[in-house]
Amino acid sequence: MDKRLAAALECTHIATRICQEHFNHATVRFKEDGTQVTEADVAIEKEIREFIHTLFPADAILGEELGNSSLHELEDGWIIDPIDGTRLFALGIPLFGTLISYLEQGHPVMGVVHFPQLGQTIHGAKDLGCWLQEGDQRRQIRVDQKIQSLGQAVISASGVHGSDIFLDNGTVPYRLSEVIHRSKQFQIATDCFQHMLVARGKLHGAIDTLMKPWDIAALIPCIEEAGGVYANIQGKRDDILHGGSLITAATPELLAELIEVLQPQ
């Protein structure tokens with residue numbers, strides 16, 4: 001795992017170079033599922049795949065933009081999201097990230113979350129802890145385990161979609177408004193960035209009502225190794241990559257309360 005972690009960290013330089021070439025002037029197009037993609041997304045994933053294949057030619061790879069390995073059949077291998085938060089990247093907002101992870105028996109055991117425009121990388125791997133790298137400075141990070149209840153907590157969500165505040169056709173009205181009312185402080189954060197703020201102890205819980213496997217995989221080892229907990233919005237941890245949503249929290253007590261409060265009445 002150390003060799004694959006080192007390779008994933010090396011891949012962050014690819015993401016930084018390409019993002020800086022395209023930042024603030026990326027051309028956006030919409031995919032069939034309505035999500036955005038730019039030439040930078042495709043270029044990053046292509047180069048990362050080539051680099052990984054050079055070092056580990058037998059490894060399977062699944063990426064958001066270039067596919068390959070079957071989403072439901074990948075047990076051991078890599079998952080890549082070249083730009084998590086493409087809409088932010090296209091708007092010139094620097095809170096997007098590159099996500100690289102490795103699975104064993106279907107569970108993420110290594111995750112790298114890199115923020116190219118911020119110069120920050122957070123990485124976690126099984127039994128190796130969770131670390132924040134900023135330039136030459138590297139330090140271990142932990143969640144804030146003092147927080148036991150929603151009334152004590154600072155909570156974020158990636159948006160109001162899939163909630164009782166803004167309900168798309170056919171979606172469940174999760175009670176985000178009640179979370180806002182009960183939490184000590186609430187704010188809208190963004191995609192992978194909010195979950196890494198949980199890992200750093202700056203937020204206590206983060207909510208995403210709509211997630212794909214490549215959005216989730218790299219976050220799980222970081223949260224686990226930082227001492228945090230996670231589940232999907234229905235409270236399930238098994239097969240989290242295909243759970244369709246993600247809540248991360250500093251403590252089991254807070255996670256349980258968030259899930260309970262969010263459920264529609």
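Which element gives the largest share of the lining of the second largest pocket? That share, 4 residues, comes from H1, in a model that is predicted rather than experimental. For this predicted model, local features need pLDDT of at least 70 and side-chain atom pairs count only at pLDDT 80 or more, whereas totals for chains, interfaces and linings use all residues. Residues are numbered from 1 along each chain as its sequence is written, and side-chain values use heavy atoms, with hydrogens and water left out.

**Pockets**

- A pocket is an open set of points on a 1 Å grid over the protein atoms alone, where a 1.4 Å probe fits and protein lies on both sides within 12 Å along at least five of seven lines, and its lining residues have an atom within 4 Å of a point.
- The largest pocket has a volume of about 720 Å³, a volume being the space filled by probe spheres set on grid points that are joined across faces, edges and corners.
- Its lining comprises 28 residues, with Thr35, Arg87, Asp191, Leu210 and Asp215 nearest the centre; strand S5 (77-84), helix H3 (86-91) and helix H6 (213-216) each give two or more residues, and S5 provides the largest share, 3 residues.
- Helices (H or I, at least four residues) and strands (E, at least two) are DSSP runs numbered from the N terminus.
- By class, the lining of the largest pocket has 6 nonpolar, 10 polar and 12 charged residues, where Ala, Val, Leu, Ile, Met, Phe, Trp, Tyr, Cys and Pro count as nonpolar, Asp, Glu, Lys and Arg as charged, and the others, Gly among them, as polar.
- The second largest pocket holds about 210 Å³ of space and is lined by 13 residues, of which Thr12, His13, Thr121, Gln133 and Gly135 lie nearest its centre; helix H1 (2-22) and strand S8 (120-125) are the elements that give two or more residues to this lining.
- The lining of the second largest pocket divides into 2 nonpolar, 10 polar and 1 charged.

**Aromatic rings**

- The whole structure contains 6 aromatic pairs, that is, rings of Phe, Tyr and Trp (its six-membered ring) with centres within 6.5 Å, called stacked with planes under 30 degrees apart, edge-to-face over 60 and tilted for the rest.
- Phe23 and Phe89 form a tilted pair, 6.0 Å centre to centre with 45 degrees between the planes, and the two residues stand 66 residues apart in the chain.
- Both Phe23 and Phe89 are buried, a term that means under 20% relative accessible area, with exposed over 50% and partly exposed in between (1.4 Å probe, protein chains only).
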